[in-house]
Amino acid sequence: MKPRKNTKRVPSFRKLLKTSKIKIENKLKNKQYKQESTAKKYRKEQRKLRQAVRDAAAKTPVPLEVYKKREPEREEEEEALPLDMMDEDDLKLMEELAQKASFITRDLSSSEPVHAKKRKHESVIEKYEKMPRRMQTEPEKELIHLLPIKDKRGIIPQSMEKPVVEEEDEESEVEVAAVVTQAAEEPLPVLTTEELLVLRRKKLQEKKIHIAALASAILADPENNIKKLKELRSMLMEQDPNVAVIIRKLVMISLMEIFKDITPSYKIRPLTETEKNTKVRKATQKLREFEEGLVSQYRFFLENLEQTVKDWKQRKLKKSNVISLKAYKGLAEVAVKCLCELLVSLPHFNFHNNIIVLIVPLMNDASKQISEMCCDAIKNLFKQDKLGVASIGVVKVMSGLVKNRNYDVRPEVLMTLLHLRIKEVEVKKDAEDIAPKMRLMYYKEKRKNLSRMQRKWKKAEEKLERELLEVEASESTEKKLKLHTEILNIVFLTYFRILKKAQKSPLLPAVLEGLAKFAHLINLEFFDDLLVVLHSLIMSEVLSHRESLHCVLSAFHILSGQGDVLNIDPLKFYTHIYKTLFKLHAGATNDDVAIVLQCLDVMFTRRRKQVSQQRAFAFIKRLSTLALHVLPNSSISILATNRTLMHTFPKTDLLLDNESQGSGLYLPELEEPEYCNAQNTALWELHVLRHHYHPVVRKFADHLVAGAPSEGSGALGPELSRRLPTELFEAYSMKGMTFNPQIASVTPRKKGEVLRGESFLSEDLRELFQTELGKAAAQGTLDFAKHLKASVP
């Protein structure tokens, strides 16, 4: 028969091209696996064959002609012992062995036992010879039978002697125990004060080095050394009373700085169940573990700080009593400082609202240091928060605190609201602005007017604009306005509550200052009611001078902003501030001049069209009189305000003329600025101020006497003319006991030079002294006892 044809066809080249690379690789791998498995099987079979040959060789019987050479035994005694020196037991054993020996089947020179099958390779004689000889007098030792060992030769029994405690050892142990008890009963050696200080310093240095090592390791590689945070945090529970306070403070500060450095610039959210179950790359998993560990350690650290503050507030001590109550105050201050730093440095990170809830009540703490620390932290947070995300949480908690305490809080709590960065808010729009504008062109009309290519380009441009808006990292203006509006609503709600329910509260000055700052952002609906409340407060005469000035400033801020549309003449506010100007002097009220300057700027500069000439005359005259009895910085700023008023109202140069204008006399004691006839007087105060001891006051007085020119010889320099009155008030302030400009120093005389008396005399007086001294020298020697000699008989 013919051999069967191979029906398999050789694959064509085209078919080989179609075969994927993965399939070819899989085939190669399978082929390699098969080759390896066959090689393993071959090696295994060879190993089994070699083992079988080895076993067969071991079981081969020894022929009779072949004798094993007996190895010479090393004995302690070379000569054999005589029979009379052997024991009866030994002789009996030797006889039994001789009876059992077989001369046909076994070589006598070999050391193998008779029954080789049962006990292979076991030599009884050798065992016997190796057993140690014992004297009859020696006490027998007890044996402890151990587990036997099995090797090629057979089973080898194992045993060991039971240790016998000798009496000497027992006695020594008793002596040692007695010494130990005596040492325990004896008191420890008392250390001196110097030795205690040295020991404490040594411990403190070791702990510091340990803290520094842990902190540097964490900062060097935070992801791999995140577990060391737990070790460092555990040192907050230091139990050594000598160094516990300092170590805990150092650990708090170190952990605070570490968290400020290694914390990411985003908030870490917890993973969902689906995210936990999904497989991710190793790098992603490592990052997740780092973030989870960081958040947990950060939370534990904040809890420790909170517990420290609570223990101090409640005057509680731990069971261990390691730290005293006095030391707890220092620990609490450091804990509050750490919380304040984290509040300002990490406003974006987790648990920020929890820190706010801890810090805001401490602003009203009885301890001045802690209160100031918390207030400064809130101020810094307000200053750096542009968007308002962090500020809104603080304002909400602060409003609740004021309400819950029944307005019995420190004024500094509300003073922090003045540092809010709010300049714009959402204003309610009219119905016309809210209504949607009519479309000028419908979609179909646009399609008709635009070509196909133009529509395509238009769509691409709109898509690009949308992407750019999404990628842009700047804060959204709408979101910012919305947050600022919400913050301001909460602030005004707090202010209005105090104005309504606690008018005699010490918080009123802070409320009035806040209204003065944010009054231009108040809604028009509240203007009438607010002005009535402010005027009633002024007329009640309950407020101090500074508070009344803040009321006036708030009222004019309201009217200068959106209140321009209201037809209100605030004459009563002008009258009040005109009446209270003479309450300012060079003493404690000198600082209130800054508020007066702000009021004058709003009253005259921004409302120049609503101010009459008579009112301007009266204020310029009264301000010039006020400049005579205040400090130099107030005089300079008041004269700068007069200069601004003279430029704003040009007809006020009549006050520089000696001749009176119109009928009537000037009535300086009248409290109504409109009817005091200030146009009939002159600014004679300027001539007095021209001789003032301060050079800048003299410059301003000469400038105003010349008519406040902008050019020419009487004009001021740019360093004075371009600065606002409030800036000049701060620049020339004498709070630091400094004089601006500086006084020229006197040339020091040389060390060896002595001033003569003649240097202090004029030439005529010196000549007179010389002539008189010359006459006395011509008369000869003086006799001071002449009158005594004449009286003696």
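Predicted model: local features only at pLDDT ≥ 70, side-chain atom pairs only at ≥ 80, totals over all residues.
Q: How are helix 23 and helix 25 oriented relative to each other, roughly parallel or roughly antiparallel?
A: The axes of helix 23 (residues 571-579) and helix 25 (residues 613-626) come within 11 Å and cross at roughly 20°. Angles under 35 degrees count as roughly parallel. Helix 23 is therefore placed relative to helix 25 as roughly parallel.

Q: How many charged residues does the contact of helix 23 with helix 25 have?
A: From helix 23, the contact draws on Leu 571, Tyr 574, Ile 577, Tyr 578 and Lys 579, which meet Arg 615, Ala 618, Phe 619 and Arg 622 of helix 25. Divided by class, these residues include six nonpolar and no polar ones, and the number of charged residues is three.

Q: What is the orientation of helix 22 and helix 24 to each other?
A: Helix 22 (residues 545-560) packs with helix 24 (residues 593-605) at an angle of about 25°, and their axes are 9 Å apart. For such a pair, angles under 35 degrees count as roughly parallel. The orientation of helix 22 and helix 24 is therefore roughly parallel.

Q: How many polar residues are in the contact of helix 22 with helix 24?
A: On the helix 22 side, the residues in contact are Arg 546, Leu 549, His 550, Val 552, Leu 553, Phe 556, His 557 and Ser 560. They meet Ile 595, Val 596, Gln 598, Cys 599, Val 602 and Met 603 in helix 24. By class there are nine nonpolar residues and one charged, and the polar residues number four.

Q: In which hand does helix 8 pass helix 10, left or right?
A: The axes of helix 8 and helix 10 (residues 282-313) come within 12 Å and cross at roughly 145°. The crossing of helix 8 past helix 10 is left-handed.

Q: How many nonpolar residues does the contact of helix 8 with helix 10 have?
A: Helix 8 contributes Met 252, Leu 255, Met 256, Phe 259 and Ile 262. These meet Phe 290, Leu 294, Gln 297, Tyr 298, Phe 301, Leu 305 and Thr 308 in helix 10. The contact has no charged residues and two polar ones, while the nonpolar count is ten.

Q: What separates Glu 257 and Lys 260 along helix 8?
A: The side chains of Glu 257 and Lys 260 form a salt bridge, with an N to O distance of 3.9 Å. The structure holds 15 salt bridges. Because Glu 257 and Lys 260 are three residues apart in helix 8 (residues 244-262), their separation is about one helical turn.

Q: Which residue in strand 2 stands opposite Leu 146?
A: Strand 1 (residues 143-151) pairs with strand 2 (residues 154-161) in the antiparallel sense over seven bridges. A hairpin of two residues joins strand 1 to strand 2. Within strand 2, Leu 143 stands opposite Glu 161, and Leu 146 stands opposite Gln 158.

Q: Where is Pro 741 placed?
A: Asn 740 and Pro 741 are joined by a cis peptide bond, with omega about 5°. The place of Pro 741 is the loop between helix 30 (725-731) and helix 31 (763-778).

Q: Where is Asn 406 found?
A: Although Asn 406 is not a glycine, its phi is positive, at about 60°. Asn 406 is found in the loop between helix 14 (389-404) and helix 15 (411-415).

How values were computed:
Residues numbered from 1 in each chain as written. Heavy atoms only, no water. Axes fitted to C-alpha atoms, helices over the stretch in contact; angles between N-to-C directions. Helix = DSSP H or I, 4+ residues; strand = E, 2+ residues; numbered from the N terminus. Parallel < 35°, antiparallel > 145°, perpendicular 65-115°, else oblique. Contact = heavy atoms within 4.5 Å. Nonpolar A, V, L, I, M, F, W, Y, C, P; charged D, E, K, R; others polar. Pairing = 2+ DSSP bridges. Salt bridge = Lys/Arg side-chain N within 4 Å of Asp/Glu carboxyl O. Left-handed = near helix turned anticlockwise from the far one by under 90°.
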